[in-house]
Each structure stands twice: as C-alpha cells, then as structure tokens.
Amino acid sequence: MSFVNIFNHQIEIKRKKGMRSLRLSVKADGRIVLSVGRVYPLFLIKNFLQTKQAWLEDSLVKIKTRNSLFSLKHTALEITKYKKQTKVLVEERLKYFNQFYNFQYNRIAVRNQSSRWGSCSSKKNLNFNYRLCLLPQDLADMVIVHELCHLQEMNHSKAFWVQVAKTIPSYKILEKKLKKI
Ligand SMILES: [Zn+2]
C-alpha cells in the first residue's frame with residue numbers, strides 16, 4: 001500500500017490487478033482510497049486527483065457532518081460544549097432573522113434530542129437540537145428560520161413556506177439536504 005499527499009489529505013493508493021479505471025472513494029471513517037490498476041503511472045494518478053479537490057472536500061464534509069451528528073455518541077463534556085455553542089448561535093441568528101419577521105417568542109431551549117433539529121410549541125417556545133452548531137451555517141439557518149416561521153404558521157402549509165422563502169429563497173434545496181443528514 002502506498003500514499004499520495006494532496007490538498008493536505010493523505011490518499012491511500014490501492015493497486016488492483018486488472019483494474020482499468022480509477023476509483024476514488026471516501027470511507028465512513030474518513031479514509032480516502034484510490035483504487036487503480038497495477039501499472040498505472042503515478043503522475044497520471046496525481047493529475048487525476050488534481051481535478052477532484054471540490055468533490056473530495058465535499059465528501060469529507062458530508063462524512064464528518066454525518067458522523068458527528070447522529071451516529072457518533074458525544075461525551076457529556078462535548079454535549080455541554082455544543083449546547084453552549086448552539087445557544088449562542090441560535091440566539092444570534094434568531095435575532096438577525098427576526099429583524100425581518102418581528103414574531104413574538106418566549107423561551108429558547110437547546111436539547112439533546114436524537115432525531116429532530118428543532119420544534120416550536122403552541123406556547124411559542126422554540127427548541128433546538130444541541131448538534132445545530134455542527135451543521136454548515138446555511139443548514140443551521142434553515143432550521144432556525146423554519147422554527148421561527150412556525151410562530152406564525154403552525155403547519156407546513158403554502159403560507160408557511162411563503163414566510164420561509166422571504167429570508168431563505170433556496171429553502172427547498174436546503175430542506176432536502178437537511179433530510180439527508
Ligand atoms: Zn416544521
């Protein structure tokens with residue numbers, strides 16, 4: 001087994017007999033593996049990898065996000081740290097988006113919940129998952145605006161999405177991404 005270093009990442013080169021194409025993959029544990037034929041020259045491997053930076057960074061972020069969000073267990077210490085970070089993030093972004101909406105809300109709580117990103121109660125309390133601070137900014141904003149707009153529309157009606165779209169026009173793409181995490 002040999003390695004190539006590129007864009008600050010170590011890539012494992014697996015030489016396979018009879019392999020005719022290159023196959024680059026990012027494993028669940030974050031290892032990057034390139035499978036390639038036995039005699040495929042190193043300079044061509046490097047050329048190939050040069051074209052893959054965007055894909056690679058993207059795949060690594062996805063895996064990191066997924067691992068740290070719902071499959072990996074956090075220690076009590078980590079949970080406390082992320083709860084604090086999420087609280088700061090949520091308060092700041094709610095304030096920012098609510099300059100536009102001007103909705104009324106009561107308590108903001110950050111919770112250790114395993115499947116939901118956020119919720120809004122009929123008493124106008126907002127709850128958020130402590131993992132929110134681990135999401136990319138655009139997805140965290142999506143969750144925050146989603147719950148904020150539930151203060152006005154307690155459903156997912158057309159009127160609700162109209163409110164959401166006022167500050168996040170690309171909400172459809174972002175909601176789809178969130179569901180995949
Ligand atoms: Zn909702």
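This report describes the domain division, the open sheet and the helix packing of a predicted model.

**Domains**

The protein is divided into domain 1, residues 2-71, and domain 2, residues 76-180. Taken over C-alpha atoms, the centres of domain 1 and domain 2 are separated by 35 Å.

An open sheet is formed by three strands in the order 5-7-6, with mixed pairing. Strand 5 (108-111) and strand 6 (118-120) are the edge strands, each of which pairs on one side only. From one strand to the next, the twist averages 15 degrees. Strand 6 and strand 7 (residues 126-129) run antiparallel and are joined by three bridges.

Helix 3 lies across strand 5 and strand 7, and runs at about 145 degrees to strand 5. Helix 4 (residues 137-150) lies across strand 6 and strand 7, and runs at about 15 degrees to strand 6.

**Helix packing**

Two packed helices are described by the angle between their axes and the distance between the axes. The table gives these values for two pairs.

| Helix pair | Axes come within | Crossing angle |
|---|---|---|
| Helix 3 and helix 5 | 10 Å | roughly 115 degrees |
| Helix 4 and helix 5 | 9 Å | roughly 135 degrees |

Helix 3 spans residues 76-101 and helix 5 spans residues 158-167. With their axes crossing at roughly 115 degrees, helix 3 and helix 5 are therefore roughly perpendicular to each other. The crossing of helix 3 and helix 5 is right-handed. Helix 3 contributes Phe-97, Phe-100 and Tyr-101 to the contact, and helix 5 contributes Gln-163, Val-164, Lys-166 and Thr-167. By class, the residues in the contact of helix 3 with helix 5 are four nonpolar, two polar and one charged.

For helix 4 and helix 5, the axes cross at roughly 135 degrees, and the two helices are therefore oblique to each other. The crossing of helix 4 and helix 5 is right-handed. On helix 4, the contact is made by Met-142, Val-145, His-146, Cys-149 and His-150; on helix 5, the contact is made by Phe-160, Trp-161, Gln-163, Val-164 and Thr-167. By class, the contact of helix 4 with helix 5 has six nonpolar and four polar residues, and no charged residues.

Gln-163, Val-164 and Thr-167 of helix 5 take part both in the contact with helix 3 and in the contact with helix 4.

Note on methods:
Residues are numbered from 1 along each chain as its sequence is written. This is a predicted model: local features need pLDDT of at least 70, side-chain atom pairs count only at pLDDT 80 or more; totals for chains, interfaces and linings use all residues. Side-chain values use heavy atoms; hydrogens and water are left out. Axes are lines fitted to C-alpha atoms, for helices over the stretch in contact, and angles run from 0 to 180 degrees between N-to-C directions. Helices (H or I, at least four residues) and strands (E, at least two) are DSSP runs, numbered from the N terminus. Angles under 35 degrees count as roughly parallel, over 145 as roughly antiparallel, 65 to 115 as roughly perpendicular and the rest as oblique. A crossing is left-handed if the near helix is turned anticlockwise from the far one by less than a right angle, and right-handed if clockwise. Contact means heavy atoms within 4.5 Å. Ala, Val, Leu, Ile, Met, Phe, Trp, Tyr, Cys and Pro count as nonpolar, Asp, Glu, Lys and Arg as charged, and the others, Gly among them, as polar. Two strands pair if DSSP finds at least two bridges between them. Domain bounds come from an automatic or database domain assignment.
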